[in-house]
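Subject: The structure, and what turned up in it

Hi there,

Here is the structure I promised to send over.

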Amino acid sequence: MAQISLRDVSKVYKGGVKAVDKVNLGIENKEFMVLVGPSGCGKSTTLRMIAGLEEISEGKIWIGDRLVNNVPAKDRDIAMVFQNYALYPHMTVFENMSFGLKLRRYPKHEIIRRVNEAAEILGIKKMINRRPRQLSGGERQRVALGRAIVRKPLAFLFDEPLSNLDAKLRVQMRTEIHKLRLRLQTTFIYVTHDQTEAMTLGDKIVVMKDGKVQQCADPMTIYDKPTNKFVASFIGSPPINLIEGRIIKRERKYYFDEGKFRVKLVEEMYGVIAPYEGKDVTMGLRAEDIYDKLFVSEASPENTIRAACEVVEPLGSEVYLYLNSGKHQFIARVGAHNRPEVNRDMDLVLDMSKVHFFDRETENTII
Ligand code: ADP
């Protein structure tokens, strides 16, 4: 168990690529922290610097109360699980799992006890004598997890551990990692580009872009209160609708004018939006905050818009409507029985208490 902290950590690769740019992070003891962001944003590099697999160009990293900048990977007492499992093909499951303990000269009975315990937790006891090629992808990933568990490290570092698995298995392994985490009660840092994995697994999520931390918070804060347009659009499925327009004021009321439609802001937002009067902004509205007017009892003309419904996509438990205002395309997520006619205009009610506004230049959140 350990807390981990990074202060002003940067990484410049040979050739000048600044992969990580002054990252500050604090991971509490027993916390599950997820680093998420698009490919190339510096997630793996950050993780590899914590693991000691990559030199730190600038800044400091502590594991527990030990400054580890100059501590080699093998002495950091953390275990890393990789995307490609990195199992030894000529060794059995038992040998793969016990290899690290053997190197560290653990007594034989202790090795057997730990491997059996991990195999039990992971449900791979029956295949303990098989070799990796005799295992499915999911089973191999379990062995890789097992090899990490037996060491009882201070922290686990996971680098996209599920990205080689098919979609169904990925969901299954995600729940298993969740259970494992509850059972092991230790610190986890988990890298993924998959926002669903981030939302479902993390106590805290760190959203990265271009080597920089964009936001670090619990999943619902990231979802409900993104700090900028990038975070808002990266987290959430379907992605948040981003609609460009202008803030205008008429008779002491503020409106968002899209060009084809105009909606009134809720009064609580007036104070913050006032400096943006007459300015271009981007409105962000999640698909679940748009309703078919037929299903809304109290709609006002000031938050109702007209748009053409171009595609209706039933997903069983819900329906996605692909809409077009004449200027912007956007998506609404509505109830399973809501089936508007395609290629017809329909009335939609926007929940204006849920909208976000982003500064057009800085892309930072205004509301
Ligand atoms: P992510 O894990 O978010 O996909 P990485 O940390 O792997 O991102 O990479 C961040 C940036 O650093 C990318 O631009 C990548 O091309 C670059 N990079 C990664 N590894 C190396 C390396 N060994 N040498 C040079 N550039 C690298």
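To start at the ligand: which residue has a polar side-chain atom 3.4 Å from a nitrogen atom of the ligand? That residue is Tyr13.

Before going further, please keep in mind that this is a predicted model, in which local features need pLDDT of at least 70 and side-chain atom pairs count only at pLDDT 80 or more, while totals for chains, interfaces and linings use all residues. Residues are numbered from 1 along each chain as its sequence is written, and side-chain values use heavy atoms, with hydrogens and water left out.

The ligand site

A polar backbone atom of Gly42 lies 3.0 Å from a ligand oxygen, and an N or O atom in the side chain of Thr45 is 2.5 Å from a ligand oxygen. On its own the ligand exposes 560 Å², and the protein buries 60% of that (accessible areas by the Shrake-Rupley method with a 1.4 Å probe).

The residues around the ligand, meaning those with a heavy atom within 4 Å of it, include Val17, Ala19, Pro38 and the run Ser39, Gly40, Cys41, Gly42, Lys43, Ser44 and Thr45. By type, this shell has five nonpolar residues, five polar and one charged. Here Ala, Val, Leu, Ile, Met, Phe, Trp, Tyr, Cys and Pro count as nonpolar, Asp, Glu, Lys and Arg as charged, and the others, Gly among them, as polar.

Helix α1 (residues 43–51) gives the most to the shell, with three residues. Helices here are DSSP runs of H or I with at least four residues, and strands are E runs of at least two. Seven of the nine residues of α1 are buried, that is, under 20% relative accessible area with a 1.4 Å probe and protein chains only. Among them are Lys43 and Thr45, along with Leu47 and Ile50. After α1 comes Gly52, with a positive phi near 90°.

The chain as a whole

The protein chain holds nine helices and 20 strands. Its C-alpha trace spans about 80 × 45 × 35 Å along the principal axes, and 49% of its 367 residues count as buried.

Pockets and a cavity

On a 1 Å grid over the protein atoms alone, a cavity is a set of points where a 1.4 Å probe fits but cannot get out, whereas a pocket is an open set with protein on both sides within 12 Å along at least five of seven lines; lining residues have an atom within 4 Å of a point.

The largest pocket holds about 520 Å³. It is lined by 20 residues, with Ala79, Met80, Phe82, Arg147 and Arg151 nearest its centre. Its lining divides into 15 nonpolar residues, one polar and four charged, and β6 (78–81), α2 (93–103) and α4 (137–149) each supply at least two of the residues.

The second largest pocket holds about 290 Å³. Nearest its centre, among 14 lining residues, are Tyr223, Asp224, Lys225, Lys354 and His356. This lining has five nonpolar, three polar and six charged residues.

Finally, one cavity of 30 Å³ or more was found in the whole structure. Its lining includes Tyr223, Arg286, Glu288 and Arg333.

Notes: Grid points are joined across faces, edges and corners, and a volume is the space filled by probe spheres set on the points. A polar contact is a pair of N or O atoms within 3.5 Å; within protein, one must be able to donate a hydrogen and the other to accept it, and residues adjacent in sequence count only if both atoms are side-chain atoms. Buried means under 20% relative accessible area, exposed over 50%, partly exposed in between (1.4 Å probe, protein chains only).
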